[in-house]
Structures are given as C-alpha cells and as structure tokens.
Amino acid sequence: RGLSTVLSAAEVTARQSCYLPWTADQFPAMGRLPGHENAFVCAGHGCWGILNSLASGLGMAELILQGRASSVDLAPFDPARLLV
C-alpha cells in the first residue's frame, strides 16, 4: 500500500510472494493473436513457466515457422478464448 496513493484504499484480494502472470482461467495464452496475421503470444504460465518452457517454446516455434504446432496441441491455449 505504500507504493501508490491511488491503491492505498483498495481491497487486498490475494497475497503471494511473487507476481507471475496468470490468465483469467489460469491456463497459458499461446498462439496467434486474433485479428493479427503475424502476431503471437506465449504468456500467462504463472509459476509453471520454467517447467513448461521447453514444450511452450517448441510449440510456438513450430507455429511461427511452419504455420502449425505438430508436437504440442496448442488448441486449449488459444488466446481467443480470453476475448469472450
């Protein structure tokens, strides 16, 4: 609360020791950004980012270079699901 006068009256909804980004449904957003042909995202892994980095990186590299991921099913992580 000492960092911002704007947030000083805000309700604390969670406490944690680190701030690793999660998506709203706590699954990473990985894939092509909706509405953009050559823009991609791979974020929101939370505390599992380092553990899943190799599979995430491989799937994203395949998607970017070959147009589809063949070693990892990225469908459950489509960023479009978060735009509902």
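Begin with the cartoon view: the protein has 1 helix and 2 strands, where helices (H or I, at least four residues) and strands (E, at least two) are DSSP runs numbered from the N terminus. Followed from the N terminus, the elements run β-β-α. The radius of gyration, taken over C-alpha atoms, is 16 Å, well over the 12 Å given by the globule rule for 84 residues, so the protein is more spread out than a compact globule. That rule is 2.2 Å times the number of residues to the power 0.38.

This is a predicted model, in which local features need pLDDT of at least 70 and side-chain atom pairs count only at pLDDT 80 or more, while totals for chains, interfaces and linings use all residues. Residues are numbered from 1 along each chain as its sequence is written, and side-chain values use heavy atoms, with hydrogens and water left out.

Now select Arg 81 and Asp 25. What joins Arg 81 with Asp 25? They form a salt bridge, with the closest N and O atoms 2.6 Å apart; the term denotes a side-chain nitrogen of Lys or Arg within 4 Å of a carboxyl oxygen of Asp or Glu. Arg 81 lies in the segment after α1 (49-66) and Asp 25 in the segment before β1 (29-32), so the pair ties together parts that are 56 residues apart in sequence.

Arg 81 is partly exposed, with a relative accessible area of 24%, and Asp 25 is partly exposed at 33%. Buried means under 20% relative accessible area, exposed over 50%, and partly exposed in between (1.4 Å probe, protein chains only). Buried residues make up 19% of the 84 residues.
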